[in-house]
Amino acid sequence: MSRYGMVIDTHRCVGCMDCVVACKTENHVPEGYCRDWITEVTRGEFPTLRMEIRTERCNHCDNPPCVHCCPTGASHVHERGGVVLVTKEECIGCKACLAACPYDARFVHPEGYVDKCTFCIHRVEQGLLPACVSVCPTHCMHFGDLDDPLSEVSRLLASRAHHALLPEAGTKPCIYYLT
Amino acid sequence: MERLSRRRFLKISAATFGAATAAAHLPDALRAAAAQGEKGVRTVATFCEMCFWRCGGIAHVRDGKLWKFEGNPKDPQSRGRLCPRGTGAVGAYYARDRLQKPLVRVGARGKEQWKAVTWDEALGYVAERMQKIKAEHGAEAIAMFNHGIGVRMLQHVLKSYGCTNFAGPSFAQCRGPRDVGFRLTFGEDVGSPERTDIENARCLVLIGSHLGENMHNTQVQEFSDAVGAGATVIVVDPRFSVAASKAKYWLPIRPGTDLALLLAWMHVIVTEKLYDADYVAQHGYGFEQFAAYVQAFTPEWAYPETGIEPELIRATAREMAQHRPATLIHPGRHVNWYGDDAQRSRGIALLNALMGSWGRKGGFFTPASMDVPDYPYPAYPKPARPKLDNPDKKYPFAHEALTTGIREATLSGKPYPIKGWFVYATNLLHALPNEAETIEAIRKLDLLVVVDVIPSEIAGWADVVLPESTYLERHDELNVEFFKHPFVSIRQPVIESPHDQKPNWWIARELAVRLGLERYYPWKHIEEYLENRVTGAGLDFAQLKKQGVIRGARQPVFFDEGVPAEFPTPSGKIEFYSTQLQEHGFDPIPRYTPPDPGPAGSFRLLYGRAPMHSFSRTQTNPLLADLMRENVVWLNAVAARRLGLKHGDWVRLRNQDGVLSNRVQVKATERIRPDCVYLVHGFGHTAKGLRRALGRGASDAGLITRYKVDPLMGGTAMSVNFVTLEPADAPQEA
Amino acid sequence: MTAPLFKYGLFGDEISLIVAFGIGIAFGFVLERAGFGNARVLAAQFYFRDLRVLKVMFTAIVTAMTGVYVLSRMGVVDLSLVYLTPTFLWPQIVGGLILGVGFVIGGYCPGTSCVSAATGRIDGIVYVLGMIFGLIGFAEIYPMVENFAHSSALGQITLSSLFKIPYGVLVFAVVVMAVVAFVGAEWAETKFGGKKPDADSLLAPAKTLAPSRLLAGGIVGLGVIAAVSGDPYRGPFARVDTRELALNAGTKADHISVDQLADWLVQGRNDFLLVDVREPAEFAAYHIPEAINVPLAALSPDIADRTERIVFYSDGSIHSAQAWLLLKSLGYSNAYMLFGGLEEWKDSILFPRLAADATPEQKAAFDKRAATAAHFGGAAQTGVAPATGTPTETPKLAPPPPPAGDGAAPAAVKKKKKEGC
Amino acid sequence: MIETTIHRQNPMIDPAFHAWGWEIPVYLFLGGLVAGLMILSGYHIIRALWDKDRAHGHYVTAPILSLALLTVGMGALFLDLEHKLYVWRLYLTFEVTSPMSWGSWILLLVYPALAASALLTLPQTFPKLARRLPFCSRCAGALHDCPRVVQAIGFANMLLGVMLGIYTGILLSTLSARPLWNSALLGPLFLFSGLSTGAATIHLLAHVRRPDSGSDDFSDAVLSALVNWLRPPAPGHVGTQKLEHADNSFLTVELLLLGLFIVGLLSSTEVHQRAVELILTGPYAAAFWVLVVGCGIVLPLTLQFLQAQHRIRSTVVPALLVIGGSLALRIVIVAAGQASAWTVASH
Amino acid sequence: MTDSTDTSHAPRPHVNPYWAGFALGLVLLTSFVVMGRGLGASGAFSTAVATTVHAVAPAHAESNAFYAGYLGDGTTHPMKDWLVFEVLGVFVGGFLSGALANRLKFVVEKGPRIANGPRLAFAFVGGALMAIGAKFALGCTSGQALTGGALLNVGSWAFMMCVFGGAYALAWFLRRQWL
């Protein structure tokens with residue numbers, strides 16, 4: 001089994017949002033919406049500060065609450081790499097999955113169905129990297145198979161300190177942030 | 001070696017990934033198809049114009065519609081990856097607020113009342129007015145302000161016409177002081193793109209430079225590489241910038257006191273003998289005088305000026321020395337701050353000289369370029385009168401034309417009157433300090449022609465507005481840069497202009513025809529021109545068109561690689577002591593003057609950039625505007641509380657001259673000193689045509705009514721304005 | 001804990017709403033008990049049949065008035081923090097007349113109409129509807145009457161300060177007036193309403209001490225006390241935790257040293273408020289940069305947030321200690337004194353001295369102080385020449401000799417095209 | 001000091017999650033109310049089998065009223081859907097882990113159960129209509145002749161009522177991203193809230209009278225209509241007293257469950273403590289304490305207790321308060337729940 | 001089956017006005033001590049009206065200075081107001097007291113010489129006038145007369161005198177309604 005995931009080096013990320021633009025053009029994300037975004041967390045008081053900049057998106061959780069709560073099966077786990085996807089033809093727009101996602105990664109597309117990051121599965125199936133990863137000028141994002149111990153992402157996780165977002169929510173997120 | 005192994009690691013892992021995904025699931029034939037591109041997708045290689053960095057990119061057109069714009073892996077500047085603005089190219093094409101047709105003013109200037117006309121009418125009108133000005137005041141009475149590569153074509157027609165006054169805000173309002181400071185020290189400019197070898201730096205010092213927010217692609221890529229490779233970063237900035245968050249040391253300096261810090265650093269490095277003695281002995285001139293001079297500037301002396309603890313000054317100086325010569329004190333780019341800018345830049349140059357980083361790996365390289373011959377145009381007529389932007393060499397070290405000099409001459413009519421302005425792709429009202437002065441100058445004109453893509457503020461004052469095609473819809477001059485790797489890249493149209501916009505070369509040529517200057521145009525279409533130059537350089541034009549870029553052989557760029565250590569200064573050496581400056585009555589070694597503290601209770605207005613916006617011209621781009629619709633005013637959290645303001649409150653800024661800004665939200669943050677506020681430049685648009693950006697955010701440019709002129713080179717220092725905050729109503733959402 | 005509790009931060013806005021609900025219940029309950037849910041009872045007031053309204057209202061007014069007066073004099077309530085509606089004389093006179101007319105026509109006032117509606121009075125329900133209609137109407141005419149509604153503004157003003165009568169005396173006068181009015185009311189009731197005073201009436205035969213007479217007597221008594229007690233609007237009344245004070249004094253936790261202050265100022269920190277408690281003239285002559293002047297006498301309990309870090313200084317220590325004590329007792333958790341005051345500031349910061357037998361470390365520290373002194377406009381006082389020179393002057397340096405070698409003209413600067421910013 | 005800036009402006013998500021407006025609370029309220037009515041009327045259908053005299057008139061309207069209310073509730077739910085035309089997708093699948101899927105199937109069963117009980121009571125509720133629909137009357141008669149079927153219908157109503165009532169709470173509690181909802185007690189809480197609302201509604205129905213006629217003055221006629229409609233029932237009215245008792249016990253249980261719900265969250269992680277603070281002292285505290293607890297539970301409990309003691313006259317006010325409080329409970333829980341987030345602690 | 005005449009359900013008499021006044025004074029005093037403000041009533045209706053108008057016609061409400069004053073700055077819901085909750089309490093307290101004193105009754109309070117219709121018309125008009133007066137005076141009998149009276153507020157005493165003045169002046173003309 002492969003398990004797609006991302007490893008993001010917060011040291012390298014400058015928060016330029018190139019990933020956001022790339023996603024928007026690649027996937028025709030409508031104006032005013034985004035599937036990925038930048039979060040800046042600053043801790044401390046002037047002048048002793050530290051800041052983590054993260055590019056965030058759907059975590060394609062191993063235990064995806066959005067999939068569990070979907071009444072129609074529109075939200076599902078894709079056979080390849082455990083990517084969480086939404087079949088727009090099956091989505092009724094009940095928004096339960098929006099409420100179930102602790103990362104607020106989903107939104108309602110103006111056409112009425114729920115939309116979110118797909119890990120650019122259409123590109124991955126062609127052997128390409130997700131759009132955000134492929135454009136990042138800082139090379140802070142890495143995509144690959146978390147189950148393959150030889151993959152770049154696995155090696156990075158093995159060699160560097162990292163954290164995931166809200167692991168306490170029990171979702172088993174598949175995006176890791178190197179610190 | 002470390003770097004190489006990292007690369008290889010990436011390659012290995014990429015291959016692993018490929019095997020895991022594609023190979024496991026896709027038959028080979030399908031993979032090959034994927035690699036060749038999707039069906040119905042056409043790609044065109046060209047280069048970007050979201051900023052002047054000009055990264056090579058590949059545009060994808062799917063089913064006849066512009067889809068996306070990606071980096072060109074062959075291009076040494078983009079290295080296959082663009083910045084957010086580059087990636088947002090598609091938005092520039094689809095922006096609904098584009099200029100669509102040539103416009104001729106019908107109402108009063110500045111009222112934005114237009115009549116749409118044909119190109120023939122518009123250009124005929126311009127030509128007629130130009131002839132009139134030439135007849136009455138001479139061709140030199142027409143000046144041009146410009147920005148970007150597209151200007152070359154328009155300059156050609158104006159030079160043919162006899163004009164001589166051409167200036168870009170890029171010098172006096174931007175990087176001029178830096179280039180002058182470095183020229184006075186090393187004899188050469190830092191150049192653009194900068195000759196900084198950030199990726200190999202082991203210690204990178206950023207003084208007010210906010211790489212990461214300032215998104216010059218290659219620099220940011222190299223910055224990330226350096227950070228990733230564990231280089232020490234030292235950031236001197238009143239604001240906790242993105243770069244500061246990557247830094248080992250953040251020095252939240254009191255604004256305007258950078259030179260005191262530089263002197264104290266040099267004091268520590270000289271007194272503790274931490275400098276590169278061999279390098280200084282071999283290449284330095286006047287080091288003894290310099291060493292004696294910096295004796296006085298102890299970190300203790302600098303402490304009350306800068307607010308930075310002496311021990312921290314010492315620690316950072318030692319850290320720099322530890323990594324030399326791979327210690328790069330970045331010269332910055334927009335450095336027009338406090339009026340001592342050229343001297344401060346010289347201080348930065350001298351600190352680099354002490355580190356021995358000029359000409360060394362991890363410091364400054366010697367750029368190389370391809371040898372592409374110019375087009376064999378007939379010689380231009382010699383202008384009857386000299387340039388007037390810097391009369392009597394008032395600013396003796398200004399080596400480029402001064403925009404503000406032309407503005408002043410337009411206002412005063414001296415040494416000779418200026419009656420016509422051509423403004424190409426620069427929003428002068430947001431670029432030059434003191435809007436009122438610019439408007440006053442415009443009132444003196446007989447003709448103001450603006451060539452632009454969007455109806456910017458300056459276009460609102462124009463007599464004729466000529467809508468240009470965006471860079472995705474046109475050819476342009478070849479991009480032949482001085483860089484680490486020599487290369488030539490080509491811009492070519494990806495898609496048709498959606499309305500009646502025209503490329504600059506077409507506009508220039510048509511204007512030339514109407515001015516009777518056809519003999520300067522031996523070519524009919526720009527492709528002939530480009531082919532002539534490319535073939536002249538011995539390159540394959542068809543290959544260039546296909547690949548977008550042709551790289552030359554890598555040449556040595558460091559002293560170690562055999563580049564001769566030449567310094568084109570009067571002494572032929574690195575001038576720790578500048579006799580040139582002394583001769584002109586300036587300080588031969590930089591001298592620190594304390595900054596004006598400003599009125600009590602006010603905040604110094606600082607401004608900077610955001611990664612997704614270029615100046616004031618990307619706010620109408622739907623993709624980029626989505627990322628940052630309007631700016632916010634950064635205000636220290638405690639200062640905000642004192643003023644009774646909360647994060648997200650709406651305020652207006654009032655400057656020392658009573659100018660009131662548009663309303664803007666407060667970002668109450670720990671990330672800035674309490675004595676200054678910060679705005680991202682480019683917002684607070686007032687032009688009615690910029691519907692998406694109109695009235696969003698506050699314009700720093702509008703608040704910059706005061707400026708200090710650098711006595712060495714005429715640059716206009718703009719961080720000398722102070723503001724207070726007044727509560728404002730929240731906007732009513734429609 | 002000092003009252004008003006809400007103003008002293010005992011609970012937040014959200015809880016205040018719950019308190020409001022509780023107070024409202026009590027208010028409604030009492031109004032209903034008083035018979036104010038019945039329009040006939042209320043209207044009887046205007047025909048001298050039953051003067052309950054007058055009795056209830058004035059009893060309530062004198063009770064609350066004397067109560068708040070006494071509590072304020074006891075230091076339980078800070079009366080200056082109790083909201084006083086600003087006076088707009090003419091609009092209030094006109095409003096009062098209109099309201100009075102509305103009262104007799106409708107039979108209710110807003111508060112009583114709620115009670116009557118709640119107890120099922122249909123006229124009360126209709127009255128509330130009428131009120132809503134009136135509000136909508138008023139909103140529509142508001143632009144026309146806005147100027148009038150804001151006219152003759154006198155600000156927040158009491159009768160005491162208007163007539164220059166001592167507050168306590170006025171309290172007493174109102175109490176007396178009320179009692180007289182009650183007696184008059186009972187007389188009127190017997191005359192117009194045909195009522196006989198009941199056992200608990202003020203006019204009843206004085207057989208026993210009726211409870212209501214006790215009440216009247218009590219309030220009159222309080223009024224007498226008030227008449228001789230002075231102004232309830234006085235300076236803040238505060239309590240001090242002596243143990244905490246002793247602890248603070250013992251650990252010097254209440255002090256900021258001049259060195260620390262100098263560092264804060266140099267580093268441009270603003271997370272504190274520097275307060276000079278000397279007289280304005282002294283302040284004008286010299287003060288520490290960034291300081292604000294609040295003379296001791298003018299110190300009020302709301303000079304800043306209660307969590308704000310405040311540093312007091314005066315010439316020596318006494319006045320700043322007084323200021324500190326006051327603020328500390330008012331619940332300012334972050335008040336400090338400048339140790340040694342301005343004298344110490346002058347000695348150590350403006351005109352520092354270096355001991356002759358200083359260790360190298362002391363000497364290095366002194367360099368910093370000397371520079372800081374210069375920054376604050378002082379000068380180091382020492383026989384030992386400071387390590388720093390006078391660096392702000394133009395260096396008078398001999399130019400270096402021309403470079404060795406033949407000084408051949410160096411290669412020309414390569415011409416590069418430059419654009420962009 | 002932690003400053004978090006999220007550069008995202010997705011509608012319904014930013015600056016705070018607010019995907020659900022009034023529709024969902026209204027749906028949950030009506031769902032709970034119908035659940036309560038079903039349980040009560042189901043119970044009475046069974047009781048009536050044994051004790052014909054105890055077949056109280058005001059229970060018989062409950063099934064038909066339930067049908068109407070449930071339809072209104074479903075309408076609200078439908079309005080909330082963003083992809084309305086695809087609503088039929090709910091019935092192409094059954095997702096075991098999705099309470100919403102459970103709910104949609106439960107609702108599919110609720111309708112026939114309600115219809116059956118409505119049919120059963122049709123001759124009593126709308127005698128005229130029943131006479132026009134002889135088939136229905138015959139069916140009703142036939143049903144009444146088979147006590148086992150009637151019993152089954154009663155049991156079905158009760159069972160489905162319990163399921164429906166619990167489902168309205170579980171629907172929220174499984175959405176783990178909103179910590180305020182992370183309590184299994186939401187199911188029972190909403191069930192008992194639904195029961196008390198159901199009892200209050202039947203109580204209200206018991207008060208409905210036809211207006212007196214005969215007054216010549218228009219305003220008097222209007223008034224007497226109004227007054228008679230809301231006139232308190234005669235003292236000692238058998239049904240209402242029982243209802244008061246029932247309602248009081250439901251309200252007591254509801255109050256207990258609400259307390260346990262709060263205590264449970266307070267003794268959980270910091271995230272959950274922060275979440276429950278939203279309703280205890282935070283921005284939803286006033287609405288929670290005053291409208292939900294004060295006016296919605298404590299006050300009607302007190303009034304009904306006093307009524308039962310004959311200390312005060314019986315009115316419809318407690319019933320109205322219970323109904324209002326039950327709606328307020330849903331509104332507050334849905335709104336405050338959306339405002340609660342896991343990110344509070346870790347960002 | 002109409003109203004019972006059971007003696008146990010006869011309305012209790014109103015309490016002695018002095019003691020009622022004393023209790024009212026204590027309530028007011030409590031409000032001063034706990035909240036630092038007095039009682040009120042009319043403001044709650046203004047807020048409710050402004051909120052309703054805003055819900056129906058937002059643009060109209062925002063452009064009207066009167067409504068805008070009650071709508072606040074948009075950071076909190078306008079109905080989350082002290083007076084609104086206080087008046088809610090007044091309804092509850094009034095009802096409780098009425099219930100306990102057996103005074104709950106749907107009835108029109110009026111003099112014997114007037115019909116229901118005119119009385120209700122008068123009530124409506126009176127309410128409307130009262131609202132306008134209260135808005136000019138910045139408060140009603142509770143907010144101005146009672147609260148301001150106890151604080152010796154200048155405007156309140158002027159207001160109080162005028163209320164009685166206005167009422168007594170017109171009382172004779174309206175005696176049919178009440179006597």
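Predicted model: local features only at pLDDT ≥ 70, side-chain atom pairs only at ≥ 80, totals over all residues.
Residues are numbered from 1 along each chain as its sequence is written, and chains are lettered from A in the order in which they are written. Local features need pLDDT of at least 70, side-chain atom pairs count only at pLDDT 80 or more, and totals for chains, interfaces and linings use all residues, while side-chain values use heavy atoms, with hydrogens and water left out.

We begin with the sheets. Strands of a sheet pair through backbone hydrogen bonds, in a parallel or an antiparallel sense. Here, helices (H or I, at least four residues) and strands (E, at least two) are DSSP runs numbered from the N terminus, and two strands are taken as paired if DSSP finds at least two bridges between them.

Chain B holds an open sheet of three strands in the order E1-E2-E3, with antiparallel pairing. Strand E1 (41-47) and strand E3 (65-71) of chain B each have a single partner strand, so one side of each is left without a neighbour in the sheet. From one strand to the next the twist averages 25 degrees; axes are lines fitted to C-alpha atoms, for helices over the stretch in contact, and angles run from 0 to 180 degrees between N-to-C directions. Six bridges connect strand E2 (residues 56-62) of chain B with E3(B), and within this pairing B:Val61 has B:Leu66 as its bridge partner.

Strand E6 (residues 310-313) and strand E7 (residues 335-338) of chain C run parallel and are joined by three bridges; C:Phe312 stands opposite C:Met337 in E7(C).

We turn next to the interface of chain A and chain D. Contact (heavy atoms within 4.5 Å) involves 47 residues from chain A and 39 residues from chain D. The buried area, which is the accessible area (1.4 Å probe) that two parts lose on being put together, summed over both, is about 3700 Å², with carbon and sulfur atoms giving 58%. Four salt bridges (a side-chain nitrogen of Lys or Arg within 4 Å of a carboxyl oxygen of Asp or Glu) are found across this interface. One of them links A:Lys95 to D:Asp80, with the closest N and O atoms 3.0 Å apart. On the side of chain A that touches chain D, strand E2 (37-45) of chain A gives the largest share, nine residues. Pairing also crosses between these chains: six bridges join E2(A) to strand E1 (residues 2-7) of chain D in the antiparallel sense, and A:Thr42 stands opposite D:Glu3.

The contact takes 126 residues from chain C and 115 residues from chain E, and about 10700 Å² is buried between them, 77% of it on carbon and sulfur atoms. The count of salt bridges is four; in one of these, the side chains of C:Arg121 and E:Glu109 meet at 2.9 Å, N to O. Helix H6 (residues 122-149) of chain C gives the most to the side of chain C that touches chain E, with 21 residues.
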